[in-house]
Amino acid sequence: MAVATVDALPASATMDPVPVDGDVDVAVMLGSPNEALAVGEQFNPQESTEMGIDLESLTPMSTAPPPDKTLTMPIEEEGQAQSLEAAAPSGSYTVAMTWTARDGAAMLMRRGYYNSTTGAGFGWAKVYNKHNITGSTLKKAMTQYDSRYLQSGTKWNYWKMVALLSCNPLTGCYVKDTKSLVFAYDFRKLTTDNRHFGIVTGYCYGIDGKCPDWVNRTVLV
């Protein structure tokens, strides 16, 4: 999968320190652009609170609200592969979601389609079915993206780091895992509605398939 080349990519790794009683996993997406967290990094209670973590009201992710289901289930198209330039299934170009990025750009994601046999597709159907990223997670990440890089022509890649923390009211938080979300966006306007093509795909950097479920439990802090 082609992505833009950058000099320093955010770390993505896991570690398993010995937990203490009262530890709770918390998935976060930092609201301030370009802030990065490193696996193993630790924050005392005051630093954790300043980061936006409410240590007195920690809720295990297993009891958190389920991922966003406000959109209807995306199309999964079986059969022959269809390129982005070919006729996609009916309804594929319907706009499913809009938002304003932190730089003021009006952006959108189309319903799209995804062929699970060939991997072909685009839009929300591919982002959700192939890479396990919900619409609400994408919208949060694209609204507060960390950086963007020109891929080619009218296509840009947007990056956002998310982190899995283990937090304790007495000891603070440490970083268990991080993932870099990458979203490919095409500013080319379609002749049918004179609006951007929009989101081509979105994925966790370094993972060809599904992002871990915790990515969709992130809280913007």
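Predicted model: local features only at pLDDT ≥ 70, side-chain atom pairs only at ≥ 80, totals over all residues.
Biologist: Thanks! In which sense do β3 and β4 pair, and over how many bridges?

Modeller: The general idea is that two strands pair if DSSP finds at least two bridges between them. The elements themselves are DSSP runs numbered from the N terminus: helices are H or I with at least four residues, strands are E with at least two. Here β3 and β4 pair in the antiparallel sense, over 5 bridges. Their hairpin has 5 residues between the strands, and G104 there takes a positive phi near 90°.

Biologist: Is β4 largely enclosed or open, and how many of its residues are buried?

Modeller: Buried means under 20% relative accessible area, exposed means over 50%, and partly exposed is in between (1.4 Å probe, protein chains only). In β4, 4 of the 5 residues are buried, so the strand is largely enclosed by the rest of the structure. In a regular strand, side chains alternate between the two faces of the sheet.

Biologist: How do I read a nonpolar core, and which residues touch the most other members of the largest one?

Modeller: The largest core has 29 residues, and W99, L138, M142, L181 and I199 touch the most other members. Among the elements giving two or more residues to this core are β3 (95–100), β4 (106–110), α3 (135–143) and β10 (196–204). There is also a second, separate core of 15 residues, including V28, L37, M161 and A163.

Biologist: What is I199 in contact with, leaving aside its neighbours within four places in sequence?

Modeller: Contact means heavy atoms within 4.5 Å. By that rule I199 touches W99, L108, M109, F122, G123, V127, L138, M142, F183, A184 and Y185.

Biologist: Now for charges. How many salt bridges are there?

Modeller: The rule asks for a side-chain nitrogen of Lys or Arg within 4 Å of a carboxyl oxygen of Asp or Glu. The count comes to 6. One of them joins the side chains of R110 and D193 at 2.9 Å, N to O. R110 lies in strand β4 and D193 in the loop between β9 and β10, so this pair ties together parts 83 residues apart in sequence. R110 is buried at 0%, whereas D193 is partly exposed at 31%.

Biologist: And what does R148 form a salt bridge with?

Modeller: R148 pairs with D103, the closest N and O atoms being 3.9 Å apart. This links R148 in strand β7 to D103 in the loop between β3 and β4, 45 residues apart. Both ends are partly exposed, R148 at 34% and D103 at 39%.

Biologist: Last topic: how many aromatic pairs does a search of the whole structure find?

Modeller: Rings of Phe, Tyr and Trp (its six-membered ring) pair if their centres lie within 6.5 Å; planes under 30 degrees apart are stacked, over 60 edge-to-face, and the rest tilted. The search finds 10 pairs. Y93 and F197 are edge-to-face, with 6.3 Å centre to centre and 75° between the planes. Y93 sits in the loop between α1 and β3 and F197 in strand β10, 104 residues apart. Y93 is partly exposed at 27%, while F197 is buried at 1%. For contrast, the rings of W159 and Y205 have centres 5.3 Å apart and planes at 50°, so that pair is tilted.

Biologist: Which residues do ring pairs link into a cluster?

Modeller: Y93, Y113, F122 and F197.

Note on methods: Residues numbered from 1 in each chain as written. Heavy atoms only, no water. Core = buried A, V, L, I, M, F, W, Y, C linked by side-chain atoms within 4.5 Å.
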